[in-house]
Amino acid sequence: MRAALLAVLLGLLPALALAQAPGRYAIATAHPLATAAGEETLRTGGNAFDAAVAVTAALAVVEPAGSGLGGGGFYLLHLADSGRKVFVDAREVAPLAATADMYLDATGQVNQQQLAAGPLAAGIPGIPAALDHLSREYGRIKLELSLAPALRHAREGIAVDHKLAAHIQRRAGDLKRFPASAALFLPQGMPLAAGQTLRQPELAATLERMQLFGAAGFYQGRVADELVAAVQAGGGIWTLKDLASYRVKERAPVILDYRGWQLVTAPPPSSGGLVLGLMTNILSGFTAPQSELNALHLRIEAMRRAYFDRARFMGDTDFVEVPSRALLSAGYAEAWRKTIDQDKASRSADFSMPHQEGQGRNTTHFSIIDAQGNRVAATLSINYMLGSAFVAAGTGVLLNNEMDDFVAKPGEPNAYGLVGGQANAIEPGKRMLSSMSPTFLEGADRIAVLGTPGGSRIITMVFHAIEAVMAGEDAKAVVSRPRYHHQYLPDVVQFEPEALSPYIQRQLSQRGHVLQELGYRYGNMQAIIWDLKQNRLDAASDPRGIGSAVLGPARARP
């Protein structure tokens with residue numbers, strides 16, 4: 001009888017856990033107007049997934065340097081009523097006419113300009129399909145309402161902030177090559193300056209089509225015709241079939257255990273979950289270091305090995321076999337641990353992986369929890385700042401240059417020095433490998449919703465945030481924590497100013513680490529922490545950016 005009663009009580013535990021709700025919402029995004037769009041949607045009666053649609057669309061208008069309808073992204077969802085977790089893959093795909101050597105010139109060298117700017121650099125976008133999917137499958141209100149804030153900002157205009165103005169200035173040379181881009185960002189031939197107004201009437205018209213027809217308003221009909229016409233006129237290879245055949249994919253997230261906490265994070269075609277798993281598995285086998293110096297040394301060595309495996313194994317699992325189970329096994333981590341000297345740095349040259357690729361840094365992330373406990377961590381990108389710099393005439397859509405995230409030529413490094421192999425070679429319809437890593441961290445007393453832009457450094461930034469949350473830091477401290485990074489090649493430890501003290505720098509150098517202090521701070525993390533014991537939410541936006549975080553009441557007034 002007692003055993004039966006105990007079994008019943010244990011069976012109720014998941015339901016009891018699911019019954020807890022924060023009682024208020026939290027939103028953290030990279031732009032105050034995007035945060036306000038999410039809050040407006042929640043107050044209109046939407047849930048976290050409707051708010052994710054609103055924030056995504058608003059960011060496309062107010063932060064075009066980082067994401068947009070012409071880009072892609074990943075959404076990690078938690079459904080409060082069931083506890084279900086799902087990863088929505090809206091990554092761009094290679095056009096059906098793409099070939100492995102499409103960016104090589106007559107001498108066999110990579111044409112970097114074709115990868116950096118213009119429509120040939122663009123993969124088929126996934127964000128419009130994601131907006132429709134999230135609204136239809138998980139939202140509570142109509143897509144029309146969720147898109148309304150973005151439409152309003154596109155039609156009425158926004159004040160250009162200093163960061164966007166700097167991005168426009170940097171890409172002015174590329175923008176002026178394309179008439180629709182120049183008309184939008186270089187009026188009268190001059191880059192828009194901070195404080196000037198950016199109006200996007202053609203993008204507003206595209207959003208209106210999506211209000212009426214959902215994803216079909218983008219991938220079919222007038223907008224699709226104009227996208228393809230503009231791309232082909234500019235030398236690109238998109239077809240109407242490319243657009244009509246695009247689909248988002250729902251995947252099972254990577255779920256990991258790290259020192260008693262559960263990590264829920266991104267599966268391929270993101271490398272984030274597997275790289276985080278490799279790092280945390282390697283580190284879990286070491287006893288707690290007695291000093292911060294020893295801890296830093298072990299983390300750097302774990303980063304080195306995890307990025308090495310990223311290079312040789314990871315790609316789109318619909319096209320290549322990624323040995324995920326083996327990479328995350330205890331035996332594999334133990335084998336890597338045996339190669340680490342706890343007093344001396346390894347040399348990346350001793351590992352065998354010659355192929356290199358790069359990945360852009362301009363991306364965006366947002367985190368949301370609603371009053372019922374639904375959660376979204378979403379990381380979106382168009383790759384470089386302002387993507388390909390190509391606006392498709394008649395649509396207002398700024399296209400990505402994510403084709404650069406494939407391996408254009410084995411052994412050919414690009415500006416960012418990230419390493420890759422044949423698993424990430426260009427193939428028609430294939431998703432390019434990514435580092436975007438939207439993540440949930442779940443413990444007995446705290447749940448965190450985390451993510452950041454930052455190209456190849458995304459994964460290590462999320463790792464730093466994980467360790468900060470586990471150490472009990474609040475959201476502001478988590479997003480502010482100084483950062484360091486190693487990615488196998490180049491064989492250097494990159495770090496922000498003040499991230500490593502002069503003493504630590506000397507000691508790491510004596511152990512053989514090559515250090516590179518960056519002249520800037522990187523990343524733009526958005527974090528929410530739910531204290532389960534006190535049922536209290538805490539949210540923060542990275543001080544490196546211009547974003548904002550808000551906390552709201554449990555019930556929104558209509």
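This is a predicted model: local features need pLDDT of at least 70, side-chain atom pairs count only at pLDDT 80 or more; totals for chains, interfaces and linings use all residues.
The protein contains 20 helices and 20 strands. Its radius of gyration is 23 Å, close to the 24 Å that the globule rule gives for 558 residues, and the protein is therefore as compact as a globular protein of that length. Taken along the principal axes, the box filled by the C-alpha atoms is roughly 65 × 65 × 45 Å. Of the 558 residues, 61% count as buried. Among the contacts in the protein with a separation of 6 or more, 74% are accounted for by residues 24 or more positions apart.

Two packed helices are described by the angle between their axes and the distance between the axes. Helix H14, which spans residues 272-284, packs with H15 at an angle of about 140°, and their axes lie 8 Å apart. Because angles over 145 degrees count as roughly antiparallel and those from 65 to 115 as roughly perpendicular, this angle makes H14 oblique to H15. The crossing of the two helices is right-handed. On the side of H14, the contact is made by Val 275, Leu 278, Met 279, Ile 282 and Leu 283, while the residues contributed by H15 include Leu 298, Ala 302, Ala 306 and Asp 309. By class, the residues of the contact of H14 with H15 divide into 10 nonpolar, no polar and 4 charged.

Helix H15 (residues 292-313) also packs with helix H18 (residues 458-470), again at an angle of about 140°, with the axes 12 Å apart. That angle makes H15 oblique to H18, and H15 passes H18 in a right-handed crossing. Here Arg 299, Met 303 and Tyr 307 of H15 meet Ile 459, Thr 460, Phe 463, His 464 and Glu 467 of H18. The contact of H15 with H18 has 4 nonpolar, 2 polar and 2 charged residues.

Ala 193 is located in the loop between helix H9 (179-185) and strand E5 (197-198). Its relative accessibility is 35%, and Ala 193 therefore counts as partly exposed, a class that lies between the limits of 20% for buried and 50% for exposed residues. When its neighbours within four places in sequence are left aside, Ala 193 is in contact with Val 160 and Ala 165. The C-alpha atom of Ala 193 is separated by 9.9 Å from that of Lys 163, although the two residues are 30 residues apart along the chain.

Key: Residues are numbered from 1 along each chain as its sequence is written. Side-chain values use heavy atoms; hydrogens and water are left out. Axes are lines fitted to C-alpha atoms, for helices over the stretch in contact, and angles run from 0 to 180 degrees between N-to-C directions. Helices (H or I, at least four residues) and strands (E, at least two) are DSSP runs, numbered from the N terminus. Angles under 35 degrees count as roughly parallel, over 145 as roughly antiparallel, 65 to 115 as roughly perpendicular and the rest as oblique. A crossing is left-handed if the near helix is turned anticlockwise from the far one by less than a right angle, and right-handed if clockwise. Contact means heavy atoms within 4.5 Å. Ala, Val, Leu, Ile, Met, Phe, Trp, Tyr, Cys and Pro count as nonpolar, Asp, Glu, Lys and Arg as charged, and the others, Gly among them, as polar. The radius of gyration is taken over C-alpha atoms; the globule rule is 2.2 Å times the number of residues to the power 0.38. Buried means under 20% relative accessible area, exposed over 50%, partly exposed in between (1.4 Å probe, protein chains only).
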